[in-house]
Amino acid sequence: MALRGKNINLFLMDGTASGRIKCTIANWIGISYKIPRTEVDRCKDREDLKQSGVYFLFGISEETGDNLAYIGQARVRKNGEGLLYRINEHKRNSEKDYWTEAIVFTTLNNSFGPTEISYLENKFCQLASQTNRYQIKNGNEPSMGNITEEKESELEEFIDYAKIIMGTLGHKIFEPILKQKNTSEDTNLNERDITLYLKRKIRKSDSIVEATCKQTREGFILLKGSYIETIDSDSIPNAIKELRNKAKIDDKGILQEDLIFKSPSYAAAFVIGGHVNGLTAWKTANGVTLKELENS
């Protein structure tokens, strides 16, 4: 089945892409807002942000540089406050001072009750944990609650649209680093992915590294199971050295997770522990270098 285009309406509420953004999709009951932390107070007059819904707080760790996210729900309170009131509570919480912007999901017809938002919060947390792109700051996994199969179908459709919007607004929290070919649509997407290999003997350790990566639309994904040189050379870039120290590599030098790189040279440098030209280091199964492949 061919992939279909999506018509998403983005309204720049402040006339700039760095300000508040309102997001809707044709024939969808949902509505989403992207709100910088500094602009939260300017949303106090928006009635739809006083409704029940689910919200995400995004930031970056000062210590590690990792992407951080907190996922929560907000119910309408007796004082008539909902989503925005809950986000303001997080602004006053010193333990959540890492976040710089919020993304919220609610409905145009104010149809979310406690059951719906509990289900959505649970599923969003599950999806975000599975993709492992962000460090999820939730202390406990929220309860899913009990819903009918009819309601579950409706909410799963809502989640599908929310995933599209989240990526459009700049956060790939729901997108796996390496997509699985589970459907014909996924297959069409991944037909463009190119599998590349690197095999080289390292003089310093007298060992042979052997790694596999995929070139995708997002970059170069070094695959779990690749054999990595564990000794750094003097020429290794500092950023790669730090990443090698943080990455999950076992005592035998086997990579335990998929890692994404923006350039083939950084992916190759991670593998061999030193400076290398990724365009010539990575080759197809037939021995064609990435440079030759791109020139052709």
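Good morning. Helix H5, residues 238–246, packs against helix H6, residues 264–272, at an angle of about 55 degrees, and their axes are 10 Å apart. H5 is therefore oblique to H6; angles under 35 degrees count as roughly parallel, over 145 as roughly antiparallel, 65 to 115 as roughly perpendicular, and the rest as oblique. The axes are lines fitted to C-alpha atoms over the stretch in contact, and angles run from 0 to 180 degrees between N-to-C directions.

This is a predicted model, in which local features need pLDDT of at least 70 and side-chain atom pairs count only at pLDDT 80 or more, while totals for chains, interfaces and linings use all residues. Residues are numbered from 1 along each chain as its sequence is written, and side-chain values use heavy atoms, leaving out hydrogens and water.

Which residues meet between the two helices? From H5 come Ala239, Ile240, Leu243 and Arg244, and they meet Tyr266, Ala269, Phe270, Val271 and Ile272 of H6. Contact here means heavy atoms within 4.5 Å.

I turn now to Ser207, which lies in strand S9, residues 207–215. Helices (H or I, at least four residues) and strands (E, at least two) are DSSP runs, numbered from the N terminus. Ser207 is buried, with a relative accessible area of 15%; buried means under 20%, exposed over 50% and partly exposed in between, with a 1.4 Å probe and protein chains only.

Setting aside residues up to four places away in sequence, Ser207 touches Arg200, Lys201, Ile202, Tyr227 and Glu229. Thank you.
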